[in-house]
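Colleague: I'd like to learn how to read this one feature by feature. Could you take me through it, starting with the general idea each time?

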Amino acid sequence: MRFGTTLIPTLKENPGEARVESHRLMLRAGLIRQLGAGIYTWLPLGLKVLRKVEAIVREEMDAAGAQEILMPSVQPAELWEESGRWQMYGPELLRFQDRGGRNFCYGPTHEEVVTDLARRELRSYRDLPANFYQIQTKFRDEVRPRFGIMRGREFLMKDAYSFDLDEASLENSYRIMVDAYNRIFGRCGLKYRAVEADTGSIGGAFSHEFHVLAESGEDVIASCDGCGYAANLEKAESLMPSETEETCAHVGPMRTVATPGMKTMEEVATFLGCPVSAMVKSLVVEGDGRAFQLLLRGDHELNLVKAAHALGVGTVVLAEPERVTALTGVAVGSLGPVGGRLPLWADRSLAGLTCFIAGANRDGNHVLDGVWGRDCPTPRWVDIRNVVAGDPCPRCRVSPLRLDRGIEVGHVFKLGDKYTRAMKVTVQDADGKERTPIMGCYGIGVSRIVAAAIEQNHDEQGIIWPLALAPFAVELMLVNPREEDSMKVAEALEKELRQGGIDVLMDDRDERLGVKFKDADLLGLPFRAIVGGRSLKEGTVEIQRRGQPEKERIAIAEVAGVLRARIQDEAARGRS
């Protein structure tokens, strides 16, 4: 492919709307262009990268025994009403009506459609296990699309769905997919981590997320270097304190002190001369029509997902200040556990406090030396906070947790019978009895992998593509395309490389060499071969690996062989 006749609209300046490196570099390198909020056109080089990711995903899914299908993107509301998600899914589901007034949605996911396929086509245990996948455009009406294709509304996704007769078979299907995902992300040249995760709106009992490690990641991952435990922040477990102070007997009677005009925990702690960690903060949440008072240590943050699970409700939201006062009779800054109206649920970490400082349920006052079970009811101890770096690992209970940022690129679920039971899917077992099969769900953000790879592989000059994802493996740069000898050498080299199965982009533009070098760094192709100038007069071509300072001059006759050997060696290491 020739640079001069290909749509590669590079930009010199950083786009003002870009907030993360992948968005900035994808726009500057001419990989994508925005059509609308969260909706992008993929240009030739960007599409080549997308297709390379797609090919890796398809090869590994096929090798794992999954069968590729293609389901409609437009789905009838009736299926979603059967599963109960038509009302539950929320505004991210793009709903519309056809000319006959019938309700439809543009699919953000395909559990209902594939389950309908299963109940029509799977009849017997002999048809199981079965795993169907597709690579297809999805649409989710994000309220704030941002970060380019990282958080777009329209995106390319691989979604797969397994059907098994029992839990043991599902476990095997699940592990096959986890292994396939490890191969996919490894082949893409990504540094990633598989972590335990919450199942979210899709449902199910067990799931893992796959995260590309990057400082720009929206998600926080807790992990243990000692035993290998890893979980996202929504799932990471905190332990009950193993020790408290020796006894509560030495603590004197609870007392009330005035804290006039103080609105924050930090202000009260400074005034009282105590650490924020010795204080109890009260939050009111609501879910499923009920209100709860949650207690946390002053320096900890509430985890709404964990709180919902602990309280046994679908979702919880923080009550607004006016609502808190209506429910408790107390302003937010003075709410506490002593003499309150609502049932108390407290994070486990508070069990380690011998005595506590908290709001007095009277404006401008706090209580000191409060003791659980003496001055207020002993709350229910639950895990409702975000873990912090240094917390003990919940698995080995020895090593401290570390926190890293990650970009979610894959998610696998054990769905159980959530959809098959709701949609009345049955098969006959070996004894002729009707059984409800159980499901697994396995998603990969194909387009998001492109952005995640850039977030992990770039420098100040531009992209540094992993070889497996690069739109071209080699860029042939002509110093002066009007020189006949340079063009002959470049064309011969291009032909030899292409015959060896290597993708080549020839920069044949009549541009200044400085412009070509800047564009080459921006595009980030793995290998660069410069044809012309002094090296050509010496019978050599200068080659360089993107991201490395070393340059080599190789005899013209040997260039193709050297590049081919290095590319093959790097590709082999990427597959191992």
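Modeller: Helices (H or I, at least four residues) and strands (E, at least two) are DSSP runs, numbered from the N terminus. Keep in mind that this is a predicted model, where local features need pLDDT of at least 70, side-chain atom pairs count only at pLDDT 80 or more, and totals for chains, interfaces and linings use all residues. Residues are numbered from 1 along each chain as its sequence is written, and side-chain values use heavy atoms, with hydrogens and water left out.

Colleague: On to sheets. What is the strand order in the open sheet of five strands?

Modeller: First the rule: two strands pair if DSSP finds at least two bridges between them. The order is β26-β25-β27-β28-β29, and the pairing is mixed. At the edges sit β26 (504–507) and β29 (551–555), each pairing on one side only. From one strand to the next, the twist averages 25 degrees. For angles like that, axes are lines fitted to C-alpha atoms, for helices over the stretch in contact, and angles run from 0 to 180 degrees between N-to-C directions.

Colleague: Which helix packs on that sheet, touching β25, β26 and β27?

Modeller: That's α13, residues 513–523, and its direction makes about 175 degrees with that of β25. As for the pairing, β25 (residues 474–478) runs parallel to β26, joined by four bridges, and M477 has D507 as its bridge partner in β26. β25 also pairs with β27 in the parallel sense, over five bridges, with M477 opposite I530.

Colleague: And how many residues of β27 are buried?

Modeller: Five of the five, so β27 is largely enclosed by the rest of the structure. F527, A529 and V531 point one way, R528 and I530 the other. β27 pairs with β28 (residues 540–545) in the antiparallel sense over four bridges, and there I530 stands opposite E542.

Colleague: How about a sheet of three strands: what is its order?

Modeller: It's an open sheet, β4-β6-β5, with antiparallel pairing. β4 (74–76) and β5 (94–97) stand at the edges with a single partner strand each, so one side of each is left without a neighbour in the sheet. Direction ignored, neighbouring strands here are turned by 35 degrees against each other on average. Four bridges join β5 to β6 (residues 103–106), where Q97 has N103 as its bridge partner.

Colleague: How do I read a pair of packed helices?

Modeller: Two packed helices are described by the angle between their axes and the distance between the axes. α12 (residues 484–499) and α15 (residues 556–575) pack at about 35 degrees, with their axes 10 Å apart. On the α12 side, V489, L493, E496 and L497 meet I556, V559, A560, L563 and R564 in α15.

Colleague: Let's end on a single residue. Is R153 buried or exposed?

Modeller: R153 is buried, with a relative accessible area of 19%, and lies in the loop between β7 and β8 (154–164). Now for polar contacts: these are pairs of N or O atoms within 3.5 Å; within protein, one must be able to donate a hydrogen and the other to accept it, and residues adjacent in sequence count only if both atoms are side-chain atoms. The R153 side chain makes one with the side chain of D141 at 2.9 Å, and also reaches the backbone oxygen of A37 at 2.8 Å.

Technical notes. Contact means heavy atoms within 4.5 Å. Buried means under 20% relative accessible area, exposed over 50%, partly exposed in between (1.4 Å probe, protein chains only).
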